[in-house]
Amino acid sequence: MQQFADRFGVTKPPEQSGFSAERLGRITEFFDRQTELGVIPGWSALVARNGEPVYAGGGGLRDLELGLPVEPGTLWRLYSMTKPVTSVAVMMLVERGLLGLDDPVSAYIPEFADMAVYDGGSPGSVRVRPAAHPVTVGHLLTHTAGLTLGLAHMNPVDALYRQAGQDVLPLPGTTLQQMCADVGGLPLLFEPGTAWNYSLGVDVLGRIIEVCTGETLDRFIETNVLGPLGMTDTTFSLPPERVTDLAEVYSPEPESGRLAVNQELRPTFREPAAFPSGSGVPGLVSTLEDYHRFAGMLVRGGELDGERLLGPRTLALMTANHLPGGADLNSFGLYPDDEHRGCGFGLGFYVVTDPVAAGSFGNKGEFGWSGAANTHFFVDPVDGVTAVFCTQVVTWGKHRPPLRRQLRNLVYQAMTT
């Protein structure tokens with residue numbers, strides 16, 4: 001554990017930052033216990049206040065079969081924790097006047113003109129009607145565009161995505177341009193702006209970044225986000241010599257619950273991705289330290305170490321609840337889940353709107369997001385707190401452990417001021 005504290009510069013008593021050292025130790029105790037129980041293979045976490053680390057820890061294994069331990073420099077697949085990075089990149093273009101939140105997506109991707117909306121039927125005989133409103137950039141950022149995911153297996157439109165080759169991972173040889181063109185030819189799940197549904201809309205935003213800038217998505221993000229923030233270990237394409245630092249990805253076996261290598265996702269970052277995915281399929285690979293720097297930029301209102309990515313007013317807009325009428329995800333989302341009760345959604349982040357409903361010890365206005373492998377981060381601008389948690393176990397739906405809520409409350413219960 002000391003190697004984590006040394007690596008991340010946890011040098012002074014946490015009491016000086018308003019935390020109890022004894023209570024912060026509960027983070028270690030809890031996640032070590034989850035490792036012993038086989039819920040997760042290994043973990044690491046970093047908590048900071050006003051950018052200064054107050055807790056850093058980790059334990060367990062990054063590779064169960066090889067017996068390799070989690071280390072401070074372990075690489076983690078972020079999956080959907082790529083989305084906030086892409087959303088920041090989009091808003092940087094909005095600040096430059098190259099994009100508008102109300103811009104129709106069809107202005108950048110012609111296949112999104114004259115969209116149709118699902119109106120019933122089965123995958124083999126779907127009924128549609130013309131969409132009354134265009135899909136906008138803002139709809140994509142808030143997941144209210146009417147897009148979906150092929151891996152969701154929740155409705156006939158999901159099945160159409162799979163038939164078009166948009167399943168867990170895109171088909172080899174697919175380009176981002178082709179993927180977006182294919183999605184634009186499929187029906188929307190609902191009228192834009194009338195519901196919330198998690199989707200690959202951030203991949204569409206990635207393509208819009210390419211059209212606006214003339215650069216590939218990975219190049220733009222590396223130059224304008226990762227580079228300025230000093231996120232030197234974060235990448236869409238992992239060099240072969242770094243594969244040994246990559247945590248293996250696991251899922252519980254259906255019958256025994258024992259963790260086993262997720263063979264479908266194991267190739268991610270061991271083999272080249274079909275295209276750089278701003279949505280997280282597979283998205284970015286990163287370290288605990290790098291993502292802590294990204295969170296540090298957010299808690300400081302868009303700036304870190306003299307590098308300003310966003311204006312504070314832009315970030316305030318991004319972290320406001322954009323769901324109509326101040327709705328939360330459980331009332332406005334098509335498929336409510338317990339993890340996001342008491343939360344609205346902004347431009348790329350969940351936003352806590354009701355800490356009581358969220359079962360949180362924290363503050364209204366906390367924001368963040370998670371990844372498919374149970375990585376998570378949150379930012380509390382009220383108390384200046386950030387937390388980043390990394391593990392590598394993929395679970396879905398009701399089988400997903402409530403690690404996000406547990407992390408949040410473990411952090412807040414340790415605060416004394």
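Student: Which residue is the bridge partner of Ala45 in S16?

Tutor: Some ground rules first. This is a predicted model, where local features need pLDDT of at least 70, side-chain atom pairs count only at pLDDT 80 or more, and totals for chains, interfaces and linings use all residues. Residues are numbered from 1 along each chain as its sequence is written, and side-chain values use heavy atoms, with hydrogens and water left out. Helices (H or I, at least four residues) and strands (E, at least two) are DSSP runs, numbered from the N terminus. Strand S1 (residues 42–49) and strand S16 (residues 385–390) run antiparallel, joined by six bridges; two strands pair if DSSP finds at least two bridges between them. In S16, Ala45 is partnered by Phe389.

Student: Which residue of S2 stands opposite Ser44?

Tutor: S1 is also joined to S2, by eight antiparallel bridges. The two strands form a hairpin with two residues between them, and Asn50 in the turn has a positive phi of about 55°. Ser44 faces Cys390 on the S16 side. On the S2 side, Ser44 stands opposite Gly58.

Student: Which are the edge strands of this sheet?

Tutor: Eight strands form an open antiparallel sheet, in the order S3-S2-S1-S16-S15-S14-S13-S12. An edge strand pairs on one side only. The edges are strand S3 (68–69) and strand S12 (343–345).

Student: How many residues of S1 are buried?

Tutor: Buried means under 20% relative accessible area, exposed over 50%, and partly exposed in between (1.4 Å probe, protein chains only). Gly42, Ser44, Leu46 and Ala48 point one way from S1, while Trp43, Ala45, Val47 and Arg49 point the other way. Both sets are buried. S1 is therefore largely enclosed by the rest of the structure, the buried count being eight of the eight residues.

Student: Are H2 and H13 roughly parallel or roughly antiparallel to each other?

Tutor: Axes are lines fitted to C-alpha atoms, for helices over the stretch in contact, and angles run from 0 to 180 degrees between N-to-C directions. The axes of helix H2 (residues 21–36) and helix H13 (residues 403–413) come within 7 Å and cross at roughly 155°. Angles under 35 degrees count as roughly parallel, over 145 as roughly antiparallel, 65 to 115 as roughly perpendicular and the rest as oblique. H2 and H13 are therefore roughly antiparallel.

Student: Which residues of H13 make the contact with H2?

Tutor: Contact means heavy atoms within 4.5 Å. H2 contributes Arg23, Arg26, Ile27, Phe30 and Phe31. From H13 come Leu403, Gln406, Leu407, Leu410, Val411 and Gln413.

Student: Is Glu248 buried or exposed?

Tutor: Glu248 forms a salt bridge with Arg270, the closest N and O atoms being 3.4 Å apart. The pair links distant parts of the chain, 22 residues apart. Arg270 is partly exposed at 27%. At 2% relative accessibility, Glu248 counts as buried.

Note on methods: Salt bridge = Lys/Arg side-chain N within 4 Å of Asp/Glu carboxyl O.
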